[in-house]
Amino acid sequence: MKGTLKAGAVAGLKTTWTLGKVIFPVTLIVSLLQHTPVMDWLIKLITPAMGIFGLSGEAAIPLVLGNMLNLYAGIAGILTLDLTVKEVFILAVMLSFCHNLIIESTVASSVGIKIWLILLVRIGLAVFSAIIINLVWHGGQDAAKYGLISAKSAAPS
């Protein structure tokens, strides 16, 4: 029993360390870039294309991070932005289909599947699902809130 708990704790700490090495730096970099003109310029450039999916221009950040790096980088990008519930849902669905494209597509191609087919299916499903969600769901305009505990504001005395 004691060995199992120790092994579980060690595995948990290793996982936390691995995820933290991705999530913390990405969150920091995206947060810093939000205060520079570079971010505004990129957002204005990509906004028309992102509108097709029902996303704001800044939603491209977690999409690119999730596709090029991994799902946890995409999540870190989502957490740093002020997105609506609908935008977070669309991003989650898109990233569920096409996260970590480089590594996962390479691994899948090693078993004999053509890489163009892998990319077509994964990106196609992400694009198709985002467009459908955007067209069908008319709610979710509230700001997304993360975590289980809501912030309580005390009345001033």
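Here are some numbered notes on this structure, which is a predicted model.

1. Let's start with the overall fold. The protein chain holds seven helices and zero strands, and its pattern along the sequence reads α-α-α-α-α-α-α. Its C-alpha atoms fill a box of roughly 65 × 55 × 35 Å along the principal axes. The chain has 157 residues, of which 30% count as buried. If you look at contacts with a separation of 6 or more, residues 24 or more positions apart account for 70% of them.

2. Next, the nonpolar core. The largest one has 29 residues, and the members with the most contacts inside it are Val-30, Met-50, Leu-55, Leu-83, Leu-91 and Met-94. At least two residues of this core come from each of helix H1 (2–33), helix H2 (37–51), helix H3 (60–68), H4, H5 and H7. H5 gives the largest share, seven residues. As general background, nonpolar side chains in soluble globular proteins tend to be buried together.

3. Leaving aside residues up to four places away in sequence, Leu-91 touches Leu-55, Ala-59, Pro-62, Leu-63, Ile-78 and Leu-83.

4. How do H4 and H5 pack? The axes of helix H4 (residues 71–79) and helix H5 (residues 85–98) come within 11 Å and cross at roughly 170 degrees. An angle over 145 degrees counts as roughly antiparallel, and H4 and H5 are therefore roughly antiparallel to each other. On the H4 side the contact involves Leu-71, Gly-74 and Ile-78, which meet Val-88, Leu-91 and Leu-95 in H5. Sorted by class, this contact has five nonpolar residues, one polar and no charged ones.

5. Is it buried or exposed? Seven of its nine residues are buried, so H3 is largely enclosed by the rest of the structure. The buried residues of H3 are Ala-60, Ile-61, Pro-62, Leu-63, Leu-65, Gly-66 and Asn-67.

6. On charged pairs, the count comes to one salt bridge. The side chains of Glu-104 and Arg-122 form it, at 3.1 Å from N to O. This pair links distant parts of the chain, with Glu-104 in helix H6 and Arg-122 in helix H7, 18 residues apart. The two partners fall into separate accessibility classes: Glu-104 counts as partly exposed because its relative accessibility is 33%, whereas Arg-122, with a relative accessible area of 13%, is buried.

7. Please have a look at the backbone of Asn-100. Its phi is near 50 degrees, a positive value in a residue other than glycine. Asn-100 is found in the loop between H5 and H6. Its relative accessibility is 13%, so Asn-100 counts as buried.

8. Finally, a loop residue with another setting. Lys-114 lies in the loop between helix H6 (101–109) and helix H7 (115–136). Because its relative accessibility is 52%, Lys-114 counts as exposed. For orientation, Lys-114 and Ile-43 are 71 residues apart in sequence, and their C-alpha atoms are 33 Å apart in space.

Key
Residues numbered from 1 in each chain as written. Predicted model: local features only at pLDDT ≥ 70, side-chain atom pairs only at ≥ 80, totals over all residues. Heavy atoms only, no water. Axes fitted to C-alpha atoms, helices over the stretch in contact; angles between N-to-C directions. Helix = DSSP H or I, 4+ residues; strand = E, 2+ residues; numbered from the N terminus. Parallel < 35°, antiparallel > 145°, perpendicular 65-115°, else oblique. Contact = heavy atoms within 4.5 Å. Nonpolar A, V, L, I, M, F, W, Y, C, P; charged D, E, K, R; others polar. Buried < 20%, exposed > 50% of the residue type's maximum accessible area, 1.4 Å probe, protein only. Core = buried A, V, L, I, M, F, W, Y, C linked by side-chain atoms within 4.5 Å. Salt bridge = Lys/Arg side-chain N within 4 Å of Asp/Glu carboxyl O.
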